[in-house]
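Here's a quick tour for anyone meeting this structure for the first time. Have a look at the sequence and the model, then read on.

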Amino acid sequence: MQAWHVHENGEPREAMRLEETAEPVPGEGQVLLRVRAANVNFPDALLCRGQYQIRPALPFTPGVEICGETEDGRRVIANPVLPYGGFAEYAVAEAAAVLPAPDALDDAEAAGLHIGYQTGWFGLHRRARIQAGETLLVHAAAGGVGSAAVQLGKAAGATVIGVAGGPEKVKVARELGCDLVLDRHTDDVVAAVKEATGGRGADVIYDPVGGNAYAQSAKCVAFEGRIIIVGFTSGTIPTPALNHALVKNYSILGLHWGLYNTKDPQAVLHCHEQLTELAAKGAIKPLVSDRVPLTAAAEAVQRVADGVTTGRIAVVPGLEDGAIA
């Protein structure tokens, strides 16, 4: 089979190599999956760089989220077990963690449902306890993680303010359902959020960016507001002023979704059931901006690493070079 391997850490475009290799052999409690589509995530870039919290032994195949097919023909979604990641024709996953792919979504959409939407659901509902009528501010609203939070926020009955970078991303965020979209390049985000909320600020803030986005969040969070820390795609990890959180009476909530797989797997299953219902109703649908063949996986990961994408990029092994799915 064909699989992308990382032999040395570095930028995805240079570090990833497409090679012929034997099919992986699943271990005890694991299952072999034929990859129908693999979603590209920012952690894939961090894995290539050796900067992720998990550092698999070299060589390894990146690709942390797939829609796959079991040997008996079931369509499922899974987080592959490294070193046998999803940017390959076959991957390996823990059998107990495999979930049914929603019928309402095609392969590429299903591949993008798991990590981003689970993270969004746990962040908004379990950590922040968002309520209908509250205002949700989403940074990087046109990206894969942010777009999921936008849709989930709207489904929860929140007023959603999205922050995006540039006219194209602003347009995408608006089409996703944001009630107000701000361009971080040209708008005064803090002033605009306060104006839109009558001076109150945002009740819940979803931040996968860090850096300056977090600084803005702290300035426009409401009384008893909640800032959900999801990641640091800006490359800068903020150092919150806890005296500021005390004086303004807001909460800073960390979210490491992957921990739920070991700490509370039943909660992950419950979340998947909620997401499946929302998908069936049409309330959520992963925005797949590009579907590319397996041969283009390295370039796709690099584009996500560079922050130039909107929505999701799906790597589809059965897609021919130059074709559009």
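A residue counts as buried under 20% relative accessible area, exposed over 50% and partly exposed in between, using a 1.4 Å probe and protein chains only.

Some ground rules before the details. This is a predicted model, so to speak of local features we need pLDDT of at least 70, side-chain atom pairs count only at pLDDT 80 or more, and totals for chains, interfaces and linings use all residues. Residues are numbered from 1 along each chain as its sequence is written, and side-chain values use heavy atoms, leaving out hydrogens and water.

**Salt bridges**

- A salt bridge here is a side-chain nitrogen of Lys or Arg within 4 Å of a carboxyl oxygen of Asp or Glu, and the structure holds 15 of these salt bridges.
- Arginine 36 forms one with glutamate 69, with the closest N and O atoms 2.6 Å apart.
- Arginine 36 sits in strand E3 (residues 30-39) and glutamate 69 in strand E4, so this pair ties together parts 33 residues apart in sequence. Helices (H or I, at least four residues) and strands (E, at least two) are DSSP runs, numbered from the N terminus.
- Arg34, Arg36, Glu69, Arg75 and Asp107 are linked in a salt-bridge network.
- Aspartate 106 and arginine 291 also meet in a salt bridge (3.1 Å, N to O). Aspartate 106 is in the loop between E7 and helix H3 (107-111), while arginine 291 is in strand E14 (residues 288-293), 185 residues apart.

**Aromatic rings**

- Rings of Phe, Tyr and Trp (its six-membered ring) pair if their centres lie within 6.5 Å; planes under 30 degrees apart are stacked, over 60 edge-to-face, and the rest tilted. That rule gives 2 aromatic pairs.
- Tryptophan 121 and phenylalanine 122 make an edge-to-face pair, 5.6 Å centre to centre with 80° between the planes.
- Phenylalanine 122 and tyrosine 260 have ring centres 4.2 Å apart and planes at 35°, so that pair is tilted.
- Phenylalanine 122 belongs to helix H4 (residues 114-127) and tyrosine 260 to helix H10 (residues 260-263).
- Phenylalanine 122 and tyrosine 260 are both buried.

**Strands**

- Two strands pair if DSSP finds at least two bridges between them; E4 (residues 66-69) and E5 (residues 75-78) run antiparallel, joined by 4 bridges.
- Their hairpin has 5 residues between the strands, and glycine 73 takes a positive phi near 90° there.
- E5 is also joined to strand E7 (residues 99-100), antiparallel, by 2 bridges.
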